[in-house]
Amino acid sequence: MEVASSQNGSSIMWFFRDKGFDDKSINEMFRKCKRLQGVQKERASENWAYLKSIGIQERKLPSVVSRCPKILTLGLNEKLVPMVECLATLGTKRHEVASAIARFPHIISHSVEEKLCPLLAFFQALGVPEKQLGKMILLNPRLISYSIESKLTEIVDFLATLGLTREGMIGKVLSKYPFIMGYSVDKRLRPTSEFLKSVGLSETDLQTVAMNFPEVLCRDVRKILRPNFAYLERCGFGDREKAALVAGYPPILIKSIKNSLEPRIRFLVEVMGRQIEEVANYPDFFRHGLKKRLELRHRLLKEKDVTCSLSEMLDCNHKKFLLKFGLFKGFA
């Protein structure tokens, strides 16, 4: 598609070339946003300068504008400034708004009254604390593009089917992991919850997963959850032990087998000389860092010839660990 050859089209072409865009990128922006052909160079320059002034780095501006060229066509004081100032009241640090815009430029093309205010009201009604509202939107600015009626309400209804109440519990899930709202209930969340039930998790266990580890619900069953579960099976865990591991530490289903699970199992059996069944009684074993906690504490206990359970070894901070086993001398 050729760029308009009118005087204004030529003017805006020179503006883009001056900013480092090639003709292919320019034509793609004109294809995305028809209004761009009629925009005055002065408006584009003014909006570009404003985006830079709020903290978006010059090197990132071409990417921001190419993803949402509509930004250059909007009235500065009518659209951009009100949205940025409203977002600024939600953030606690100056760079948060600029970072959110750089990740999802379309956020400032939406209306404060028509999109942002209803979105904030929706989350407040679910019990999301006011100080969390800003964090949610600035962490996942794409939220503003979702329909409350057809998208967000469906997510809330799904979480309610897990037994979570709308008076606070669902709000906590959403504020803990706002990215959950970007997933499809039918294609991702429901299949994941059904898989978790099939491996032995109770309704209460599912609620715990949703409340404490909502990211687990968002992972693909076939690509991630099932392979991890199969790995636990290959390790020799029985059905009850696998269910206990998943219920006790749900992220075991989304951790990297090669980089996280395998090294810890190998260390447990080959170095610590323990039976794998022990971790079924203490699934949090997989939560602890291999070098900073497991290897260090095992070495200290071995030097003292101390025998203890995994929970006694790991379920306390380092100061309490040293105190519990009389190891302060070596660290004096």
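1. The protein carries 54 positive and 37 negative side chains, and the centres of these two sets lie 4 Å apart. Here Lys and Arg are counted as positive and Asp and Glu as negative, with His and the chain ends left out, and each charge is placed at NZ of Lys, CZ of Arg, CG of Asp or CD of Glu.

2. Please keep in mind that this is a predicted model, in which local features need pLDDT of at least 70 and side-chain atom pairs count only at pLDDT 80 or more, while totals for chains, interfaces and linings use all residues. Residues are numbered from 1 along each chain as its sequence is written, and side-chain values use heavy atoms, without hydrogens and water.

3. The secondary structure comes to 20 helices and 0 strands, where helices (H or I, at least four residues) and strands (E, at least two) are DSSP runs numbered from the N terminus. The radius of gyration is 26 Å, well over the 20 Å that the globule rule gives for 332 residues, so the protein is more spread out than a compact globule; this radius is taken over C-alpha atoms, and the rule is 2.2 Å times the number of residues to the power 0.38. Along its principal axes, the C-alpha trace spans about 85 × 50 × 40 Å.

4. Of the 332 residues, 47% count as buried, a word that means under 20% relative accessible area, with exposed being over 50% and partly exposed in between (1.4 Å probe, protein chains only).

5. Ser99 is found in helix H6, which covers residues 94-103, and its relative accessibility of 30% makes Ser99 partly exposed. Ser99 and Ile56 stand 43 residues apart in sequence, yet their C-alpha atoms are 7.2 Å apart in space.
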